[in-house]
Amino acid sequence: MSETLADSGQIDSSKRTWLIATSCAGAVGTAAVAVPFVSTFQPSERAKAAGAAVEADISALKPGEKMTVEWRGKPVWIVRRTPEQLAALKSLDGQLADPKSERNPAALTPEYARNEARSIKPEIFVTVGICTHLGCSPSDKFQTGAQPSLPDDWQGGFFCPCHGSTFDMAGRVYKNKPAPDNLEVPPHMYLSDAKILIGEDKKA
Amino acid sequence: MAEFHEISPNASATEKLVNWVDNRFPMTKLFKEHMSEYYAPKNFNFWYIFGSLSLLVLVIQIVTGIFLTMNYKPDAALAFGSVEYIMRDVPWGWLIRYMHSTGASAFFIVVYLHMFRGLMYGSYRKPRELIWIFGCAIFLALMAEAFMGYLLPWGQMSYWGAQVIVNLFSAIPFIGPDLALLIRGDYVVGDATLNRFFSFHVIAVPLVLLGLVVAHIIALHEVGSNNPDGVEIKATRGADGRPLDGIPFHPYYSVHDVFGVGIFLFVFSAIVFFAPELGGYFLEYNNFIPADPLKTPLHIAPVWYFTPFYSMLRAVTSEMMYVLIACVLLGAGLGVVKFKMPTIFKAAIVGFAVVVVAMMLAIDAKFWGVVAMGGGVVILFFLPWLDFSPVKSIRYRPSWHKYLYAVFVLDFLVLGYLGMLPPSAIGGRVSQLGTLFYFGFFLLMPWWSRLGEPKPVPSRVTFVAH
């Protein structure tokens, strides 16, 4: 039996070069095949198309009441605030993490809502009812005063049951809470006094 | 490669069949290696039942899971109804479903006890590091499996639990939001999410889990089991080369484990038949309400087995960050002052600490909460390299180690309990303390595990015949 190349201890360097080259080509091919597989995890065209704007009729909404409409699968709240609730907003600045909505305004607060009340019309507050912490939907805590899980001088607002973040009546987050940001104000515009279009504004 | 073995023509039909197979597949060899000639220490106590039990629960979960899949529909519009259909209309469907839901909690109970056994007797130490690491990976895969399975009934807790956990990933700087989108496949948890979680739950993760279990057992059988004394039985062999303190796994421990299985099945069946919800701990009441993407239940908490880690997530607030920053600085300071090492290493430690503190100041507490939650699991992987105690087993450690372990267990239970409750000011403080203790227990282990005078370790295992 003739001696094999491995036994002789010699290295066939041209064969080794080709082995390395083909292995690399194989690795590149495998990586390329992974692309379509990972891409299937992205939202489908149907999911992307489902983001149309929705209309809401607020004529029946009384002061101190909230209504919810669904936009892109998320709850959007429309609250008609009472004058007392609006008046309380000003006194809270010191307790809030971002009273002037300066953090990430492009994503969270459209230009027309960058004011104390975070709204176009002071009394009507439109916001996405999803906590900026981990995506729970906060519950209404409009009643003022001491109550479980809330401070004794509570001025009304929203309370996230998941991790205890609190927001005031303008969706501004209190300091030292898990949620980093104020609630998102979605793009919206008034079609008439009674109708709001959520998901589109005049710019678009 | 074994020689082809001819058998006498007078042998019985069974012997001939076994010989025929053995010439083509190492059946007898495998049985001997892993059962009849696998020598396990003779001094196992009841803590050693939980490994076998977790294998049993794995089988229960796979079998019941296969049958549930036959009637379940992974569709956001149909999922909740199909689970109710299994419960009400499929003959005996309720039993299969309750076995599966109780099995999920039972899995975590036996795995937690199994892990604690390893912690007590130093079963993770040289040469069993890889067994421990495979085990931690199994624990991680099990958490993924449980989390994704929990979405499938499409109840309120399923939905909002998934929403919260997927959103954890969006806290990662830069890539987070896109990663969360990639996991959900939609802008909120929806049909796409349900469908892919179903796929992961029924095939992808179970395959990984099975592979890891095989690796865990192969590694165990390579080095041999540890025991409550932490004595290596292989060090003392008889004239035949077998460990003197070892007994064959089969029949001694196979029969012994069947007894344990019997007791386990008593308890398991009692829960399945009489208290399948176990007061809301095994099946949460809110999950009997169909998922509503517009309304979060007033109180949401993960199932009990995730709550210790969930408490750690909630404990990290922006106030807590200052404490953590102080811990990092203190740790770096001690490292520089206390230990002798070249200046370049000291500079590296200081530089690293400065970078970490800068990141802690720059990135939201929310992200660090996620880091704490993940870190609580990941830190377990490093246990073999954190423990510097001269002895393995708790039996021969200084007595105060026992109290420390007791406090650790208590801490884990308190964190788990607080994680089930709605957030509160006192609960928040306690879980912050608990989180610090949990990480302190592991991160300071290289220091405290060396302290104190260990008791003399016998050369043979302690065993009283019964």
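Tutor: Two residues are counted as in contact if their C-beta atoms, placed from the backbone, lie within 7 Å. This is a predicted model, in which local features need pLDDT of at least 70 and side-chain atom pairs count only at pLDDT 80 or more, while totals for chains, interfaces and linings use all residues. Residues are numbered from 1 along each chain as its sequence is written, and chains are lettered from A and ligands numbered from 1 in the order in which they are written.

Student: How many residues of chain A are in contact with chain B?

Tutor: On chain A there are 25, and they meet 31 residues of chain B. Strand 2 (65-71) and strand 3 (74-80) of chain A are the elements that give two or more residues to this side; strands (E, at least two residues) and helices (H or I, at least four) are DSSP runs, numbered from the N terminus.

Student: What classes of residue does that side of chain A have?

Tutor: It has 10 nonpolar, 12 polar and three charged residues. Nonpolar covers Ala, Val, Leu, Ile, Met, Phe, Trp, Tyr, Cys and Pro, charged covers Asp, Glu, Lys and Arg, and the others, Gly among them, are polar.

Student: How many helices and strands are in chain A?

Tutor: Chain A has five helices and nine strands. From the N terminus on, they run α-α-α-β-β-β-α-α-β-β-β-β-β-β.

Student: Which strand of chain A does strand 1 pair with?

Tutor: Strand 1 pairs with strand 9 (residues 195-198) of chain A in the antiparallel sense, over four bridges. A:Asp57 stands opposite A:Lys195 there. The open sheet has the order 1-9-8 in chain A, with strand 1 (54-57) and strand 8 (188-190) at its edges.

Student: What box do the C-alpha atoms of chain A fill?

Tutor: The box is roughly 100 × 40 × 25 Å, taken along the principal axes.

How values were computed:
Two strands pair if DSSP finds at least two bridges between them.
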